[in-house]
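Please open the structure in a viewer and keep the selection panel at hand.

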Amino acid sequence: MSNTVENKTVVFTPERLSKAQEIIARYPEGRQKSALLPLLHLLQEQEGWTSPEGMDYVARLLDIQPIEVYEVATFYTMYHLEPVGTHVIEYCRTGPCCLMGGEDVLAHLKQRLGIDTGQTTVDGRFTLKEVECLAACGMGPVFQIREKYYMNLTNERVDEIIDELSK
Amino acid sequence: MATKILTEHINVPGIETFDVYRKQGGYTAVEKALKTMTPEAIVEEVKKSGVRGRGGAGFPMGMKWSFLAKPEGVPRYLVCNADESEPGTFKDHYLMKTIPHLLIEGMIISSFALGANKSFIYVRGELMYVIHILEKAIAEAKAKGFLGKNILGTGYDLELVVQPGGGAYICGEETALLESLEGKRGNPRNKPPFPAVKGLYQCPTVVNNVESIATTSWIVNNGGDAYAAIGIGRSTGTKLISASGHINKPGVYEIELGVPVEDFIFADEWCGGIRPGHKFKALVAGGSSVPILPANLALTLANGDKRLMSYESLSDGGFATGTMLGSGGFIVFDETSCIVRNTWNFSRFYHHESCGQCSPCREGTGWMEKVLHRIEYGHGHQQDIDLLVDVSKKIEGNTICPLGDAAAWPVASAIRHFRDEFQWHIDHPAEATQPGAVYRGDMALV
């Protein structure tokens, strides 16, 4: 966990808290820990990343130990354990996408953004992550930004997307 | 016209909505099942259909259902495995986003047959937009009385919960999925006990794939015998194939099992052939974990007969000359593909996705990735090829779950069929590291 970020208290907005309670109620009595993954998604949606304070808050909501949250958050790749940029580009680096030129397009994307995998642009707008298979192999190369899939990528298409998101 | 069981109405505008789906005959199977059939009778029809698990393992679904323990006073669960993450496989993604009610209808029928009152659809977290589509469809079905309390006045209650994963391929393994659903790391459990006895929350649980569950509406409407009449031998019914790689028409196709592999690749109805100006070099038929085959073995059996798209034909000859249908992730390679680079790529995937619980998998997948990387980048040693074979053998069969096998098979099979290509990389380090360098040798291209 990062030490460089100023500690702050995290609480869900009233809407998210109500959503969180609805999620917790889905599971049988005593099995509220099942809500952990959905709640971490909710936390990340609100905070932009899965912060230590946020994880402690989720632990309190579920009445479990904070370590139970940390060990889960560190296992799954979708939870950003460090602050990220406004747009997180999750680029598929797996076989079928590579067959369709995924490696070349990734090189172009890195050059365009001026960053390497795992880094964030100086203006804080883009973070680049490489991920494993996004289940869109027939439409590769592919990357995902939040819930949106961008498919059949070419260098030109990448430029268009970055231009659009830079406005 | 080939029979379409899952995709018949997939192009109807608005099919993602309850009303349009209903107009196309949707939810009639729920009415038939809940109003006129007993749970046992539904299980019997599914057994008769011979439908096999479409997630990759191919275990007969009816038999799996019949193993479910039924102790008094203990809830039972149905969990749909929608954690599709196998490279090359994207059919469940397609099915859920285009026709979500087909899965929901299947979930209702299957849950009723199994005596479950709360069922889960565990969807990989990357597909958050699909999760929203499913949640919307569930809300529609509930508003129309097909979900919730006292469905259609039959006295049967069912609540459906859509659960997002967190980005871990291992959660597609059924016991890891259950761990994850309980809010834990996705570490696979030792079996036995099997989920049918102790599954979710230590209660009897059936875990089925999206495509498998989606077939149940058709089986209930048309009968298990009608389903079994489609397909070939023990490979009954239809299968969704996700086709990717160097073909003219990548996409998801529903085929009747038994179609020749050659037709599937070259006919306009399906993949439409290899991209212009290129030759067919190799095939991964069932997702990245299954053994790769060179073109000649992909199209024909060792005895010269045509190889078919079926569980039996694809595995003909064992791993020496065959492979597996797996999840139906069909990846086609033309002659520009470097097998060493692709094998390294797959190896990196399995190393990344190993949960780390078993030493052979945790250490072995990383070791294979490292050795493959150095061969690909021109630093391979002469003994590296045998070393890879040795490491893969030491992983295979020595882990709690099949991820170890899934990591070992692509490496072992690539060396089995393309050893010259690995050797060429070791012998010609300067050439091998050039962009686009591929050893062509005397490879039989088609």
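Over all chains, the count comes to 37 salt bridges, a salt bridge being a side-chain nitrogen of Lys or Arg within 4 Å of a carboxyl oxygen of Asp or Glu. The model is a predicted one, in which local features need pLDDT of at least 70 and side-chain atom pairs count only at pLDDT 80 or more, while totals for chains, interfaces and linings use all residues. Residues are numbered from 1 along each chain as its sequence is written, chains are lettered from A and ligands numbered from 1 in the order in which they are written, and side-chain values use heavy atoms, with hydrogens and water left out.

**First stop: a salt bridge within chain B**

Select Lys144(B) and Asp19(B), whose side chains form a salt bridge with an N to O distance of 3.7 Å. Asp19(B) belongs to helix α1 (residues 18–23) of chain B and Lys144(B) to the loop between α7 and β3 of chain B, so the pair ties together parts that are 125 residues apart in sequence. Helices (H or I, at least four residues) and strands (E, at least two) are DSSP runs, numbered from the N terminus.

**Second stop: the sheet**

Next, display the open sheet of four strands in chain B, with order β3-β2-β1-β4 and parallel pairing; two strands pair if DSSP finds at least two bridges between them. β3 and β4 (205–209) of chain B are at the edges with a single partner strand each, so one side of each lacks a neighbour in the sheet. From one strand to the next, the twist averages 20°.

Zoom in on β2(B) and β3(B), which run parallel and are joined by six bridges. Here Ser119(B) stands opposite Leu160(B) in β3(B).

**Third stop: the interface**

Which chain is in contact with 37 residues of chain A? Chain B is, through 58 of its residues. Two salt bridges are counted between chain B and chain A. To view one of them, select Arg341(B) and Glu103(A), whose closest N and O atoms are 2.8 Å apart. Finally, colour α16(B), which gives the most to the side of chain B that touches chain A, with eight residues.

Conventions. Contact = heavy atoms within 4.5 Å. Axes fitted to C-alpha atoms, helices over the stretch in contact; angles between N-to-C directions.
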